[in-house]
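Dear colleague,

I am passing on to you the structure shown below, and after it you will find a short account of what was found. Please read the account with the structure open beside it.

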Amino acid sequence: MATKTNPGRFFEDYAVGQVIEHAVPRTIAEGERALYHALYPARHALYSSDVFAAECGLDGSPLDDLAAFHVVFGKTVPDVSLNAVANLGYAEGRWLLPVYPGDTLRSVSEVIGVKENSNGKSGNVYVRTLGLNQNGEIVLDYVRWVMVRKRDAASPAPVPVLPELRKVVPVEDLVIPEGLTFEDYDFTLAGEPHRLSDYEIGEKIDHVDGVTIEEAEHMLATRLWQNTAKVHFDATFREDGKRLIYGGHVISMARALSFNGLANAQMIVALNGGAHANPCFAGDTIKAWSEVLDTAETGAPGVGAIRLRLVATKQGATPFALKGDDGKYLPEVLLDLDYWALMPL
């Protein structure tokens, strides 16, 4: 009798051009926001207040951009990264529509690249994932690549295919939510007076605050967004007996910490690139710093775009240090994320 359980895909199970429709669609309720804000010290006003969001031209306060990302991402895990060694990076991400309570999200992925690693025991799989709402509209589009174990180390390596990915989403490709305006933006209620013109390219910001990661909160996050990758759930899956902290947990914590200094970087609209530089475990204390990479105007009234590098570090890190002389990330660096956000001009 054939087994009815799902062992997850291994590297040999992927082929370029393969399309995977992921189960199970999920309807977002208002409780999602409360749980997100319980997990992270998230305080950006546009995602906290219906009244503030309405005064900025929206229908109400959307779900936090990264919460929407986590929902869409989580759907892909059983088919893409259940047998992952690690999630490696991101590119060409765009938020195309706000997600509101009541929306139902589902995910579809296409395999766009495969390459076996030199050890012959694993390989990297590249997928482009679309997050769609109940109307079939794309709310989110991004690429990620993940290292996946092979079922059999002796199985032949596929012909390597590496996708050509843009390093930066061009400003003209950023999608501004319909109706969004920052012309009557309330800086007092937002929490800081700094507008786009107050930031300079090359400026670095130490976000000061730190949060020690607990096992319980990480497990709540992985369950909430159904990220059931074995490295996060099963302490026996790694030789060191540790559960790897979900990368999205580090991203959201760093983004929340960045409020102190970037309170008016209200909406993430593009993910240019990102790398989980080193593993994070329970007991690590996360801090964050940002570097301004670029600024631009958009076509929306009063709305500018700021391109930021967000770096998450753990205890022992030197402020603003990123890589060593060998070009590799320093061991205290957890995350290096490049994104565009919307900010008042």
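The chain is divided into domain 1 (10–28 + 63–151) and domain 2 (194–345), with bounds that come from an automatic or database domain assignment. Please bear in mind that this is a predicted model, in which local features need pLDDT of at least 70 and side-chain atom pairs count only at pLDDT 80 or more, while totals for chains, interfaces and linings use all residues. Residues are numbered from 1 along each chain as its sequence is written, and side-chain values use heavy atoms, with hydrogens and water left out.

The C-alpha centres of the two domains lie 19 Å apart, and their contact (heavy atoms within 4.5 Å) takes 26 residues from domain 1 and 27 residues from domain 2. Between them an area of about 2,200 Å² is buried, 56% of it given by carbon and sulfur atoms; buried area here is the accessible area, with a 1.4 Å probe, that two parts lose on being put together, summed over both. Of the area that domain 1 buries against domain 2, His 70, Tyr 90 and Trp 95 supply 29%, more than any other three residues.

The count between the domains is one salt bridge, a term that stands for a side-chain nitrogen of Lys or Arg within 4 Å of a carboxyl oxygen of Asp or Glu. The side chains of Arg 255 and Asp 65 meet in a salt bridge, at 4.0 Å from N to O. On the side of domain 1 that touches domain 2, the elements giving two or more residues are helix H3 (65–80) and strand S3 (84–95), and S3 provides the largest share, eleven residues. Helices (H or I, at least four residues) and strands (E, at least two) are DSSP runs, numbered from the N terminus.

**The chain as a whole, and two local features**

The chain has eight helices and eleven strands, and its C-alpha atoms fill a box of roughly 65 × 50 × 40 Å along the principal axes.

Most residues other than glycine have a negative phi, and most peptide bonds are trans. The peptide bond from Ala 23 to Val 24, however, is cis, with omega near 0°, and Val 24 lies in the loop between strand S1 (19–21) and strand S2 (26–27). Val 208, which is placed in strand S7 (residues 204–212), has a positive phi, near 70°, although it is a residue other than glycine.

With best regards
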